[in-house]
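Please read them with the structure open.

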Amino acid sequence: MSELVICRHPSSFLSVGLSLQLSVPKDETQGQYGSSVLGWKHRSWIVCEWPFHLGQPIPCVKGTLCLLRYIYEGKMIGYRAEVLETQMQPFPFLLLAFPSELEEVPLRKHGRVSAQEPIVLSAVQEYASSSRNEPPIRIGGLLKDLSASGCAVLIQRPVQDFYLGMALRVEFEIIGTGHVNNLTGVVRNLSLQADGTHLGLEFRFDGKETIEYRGWGGSVRNALESFLHRKHSFESA
């Protein structure tokens with residue numbers, strides 16, 4: 001992490017149910033797994049859910065070193081911990097050493113990052129206009145770039161099927177994080193080019209959006225911000 005701020009009171013950021021991202025640096029898959037805080041004792045231990053992957057708990061034995069991250073009030077918080085115990089009963093959980101210090105990185109707004117991922121769009125009925133020709137219920141496209149506030153999409157549909165201010169629901173993958181569903185995107189620009197119709201969408205976070213996590217907890221907005229932060233940190237390293 002860059003621009004570190006060392007905090008001496010890690011428990012002030014903790015809460016039961018707090019969504020976490022857990023990774024094991026020595027794991028060959030370099031996976032990042034979703035978990036949540038179940039409880040803690042200050043200066044002693046933290047209990048969190050034992051993440052599963054492909055139906056099995058991730059490889060994690062006593063003495064394993066891991067890295068925990070989460071988003072708190074616009075900051076990415078991270079700290080290293082050692083696995084003290086693993087338990088499958090009465091439910092799968094990990095007992096981790098309590099951190100002596102943590103790293104805090106302010107999350108800043110970044111520009112767009114390029115993407116080449118499938119995306120599915122559908123009309124939002126409550127915003128639909130009877131005087132307009134609406135697109136089919138679900139149409140596939142290509143996500144061309146992504147930011148925390150919007151995206152660019154390429155679709156093979158007539159440009160006349162869309163209009164400025166039109167609201168669409170979008171579904172796409174945030175690589176390494178999870179699958180976004182039911183996120184509203186409002187058309188802010190559109191154009192017909194040689195390869196198809198290009199749409200510029202502005203996200204509207206109305207609470208109906210969801211994400212199926214595979215590595216990060218929190219809201220769709222937080223997932224987008226953390227993905228872009230990691231992407232820019234990697235590209236600038």
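1. A residue is called exposed when its relative accessible area is over 50%, buried when that area is under 20%, and partly exposed in between. Lys62 has 61% relative accessibility, so Lys62 counts as exposed. Glu85, at 35%, counts as partly exposed. The model is a predicted one, and the accessibility values in the points below are computed from it.

2. Overall make-up. The protein chain holds one helix and 17 strands. Of its 237 residues, 46% are buried. When contacts between residues at least 6 apart in sequence are taken, 62% of them join residues at least 24 apart.

3. Confidence. The average pLDDT of the protein chain is 79, and 78% of the residues reach at least 70. Two stretches should be read with care. Over residues 1–8 the pLDDT stays under 50, and the model gives this stretch 24 contacts beyond four places in sequence. Residues 127–131 also stay under 50, with six contacts beyond four places in sequence.

4. Main core. The largest nonpolar core has 30 residues, and the ones touching the most other members are Leu121, Phe172 and Leu201. Two or more residues come from each of β11 (113–123), β12 (139–146), β13 (150–155), β14 (167–174), β15 (178–193), β16 and α1 (220–236). Which element gives the most to this core? It is α1, with five residues.

5. Beyond four places in sequence, the contacts of Leu201 include Leu121, Cys151, Val153, Leu168, Val170, Val186 and Val187. Arg112, Ser149, Gly150 and Gly185 are also among the residues that Leu201 contacts.

6. Ile77. This residue is in strand β8 (residues 75–87). Its relative accessibility is 0%, so Ile77 counts as buried. The C-alpha atoms of Ile77 and Glu104 are 4.7 Å from each other, although the two residues are 27 apart along the chain. Leaving aside neighbours within four places in sequence, Ile77 contacts Leu102, Glu103 and Glu104, as well as Phe13, Leu68, Arg69, Tyr70 and Tyr72.

7. Salt bridges. The count comes to five. One of them joins the side chains of Lys62 and Glu85, at 3.6 Å from N to O. Lys62 is in the loop between β6 (56–57) and β7 (65–72) while Glu85 is in strand β8, so this pair ties together parts that are 23 residues apart in sequence.

8. Two further pairs. Arg188 and Glu202 meet through their side chains in a salt bridge of 2.8 Å, N to O. Arg188 belongs to strand β15 and Glu202 to strand β16, so parts 14 residues apart in sequence are tied together by this pair. Arg188 is partly exposed at 46% relative accessibility, and Glu202 is partly exposed at 37%. Arg157 pairs with Asp161 in another salt bridge, where the closest N and O atoms are 3.0 Å apart. Here Arg157 is partly exposed, with a relative accessible area of 31%, whereas Asp161 counts as buried at 11%.

9. Glu209. What is the nearest side chain of opposite charge to Glu209, a residue that is buried yet has no salt bridge? It is Arg169, 5.6 Å away. Glu209 sits in the loop between β16 (196–204) and β17 (210–213). Its side chain reaches the backbone nitrogen of Asp206 at 3.2 Å, and a polar atom of that side chain lies 3.1 Å from the backbone nitrogen of Gly207. Beyond four places in sequence, Glu209 is in contact with Asn181, Asn182, Leu183, Arg204 and Val220.

10. Asp145. This residue lies in strand β12. Its contacts beyond four places in sequence are Arg112, Val113, Ser114, Ala115, Cys151 and Ala152. The C-alpha atoms of Asp145 and Gly200 are separated by 9.6 Å, and the two residues are 55 apart along the chain.

Methods: Residues are numbered from 1 along each chain as its sequence is written. This is a predicted model: local features need pLDDT of at least 70, side-chain atom pairs count only at pLDDT 80 or more; totals for chains, interfaces and linings use all residues. Side-chain values use heavy atoms; hydrogens and water are left out. Helices (H or I, at least four residues) and strands (E, at least two) are DSSP runs, numbered from the N terminus. Buried means under 20% relative accessible area, exposed over 50%, partly exposed in between (1.4 Å probe, protein chains only). Lys and Arg count as positive and Asp and Glu as negative; His and the chain ends are not counted. A salt bridge is a side-chain nitrogen of Lys or Arg within 4 Å of a carboxyl oxygen of Asp or Glu. A polar contact is a pair of N or O atoms within 3.5 Å; within protein, one must be able to donate a hydrogen and the other to accept it, and residues adjacent in sequence count only if both atoms are side-chain atoms. Contact means heavy atoms within 4.5 Å. A nonpolar core is a set of buried Ala, Val, Leu, Ile, Met, Phe, Trp, Tyr and Cys residues joined through side-chain atoms within 4.5 Å. pLDDT is the predictor's confidence in each residue, from 0 to 100.
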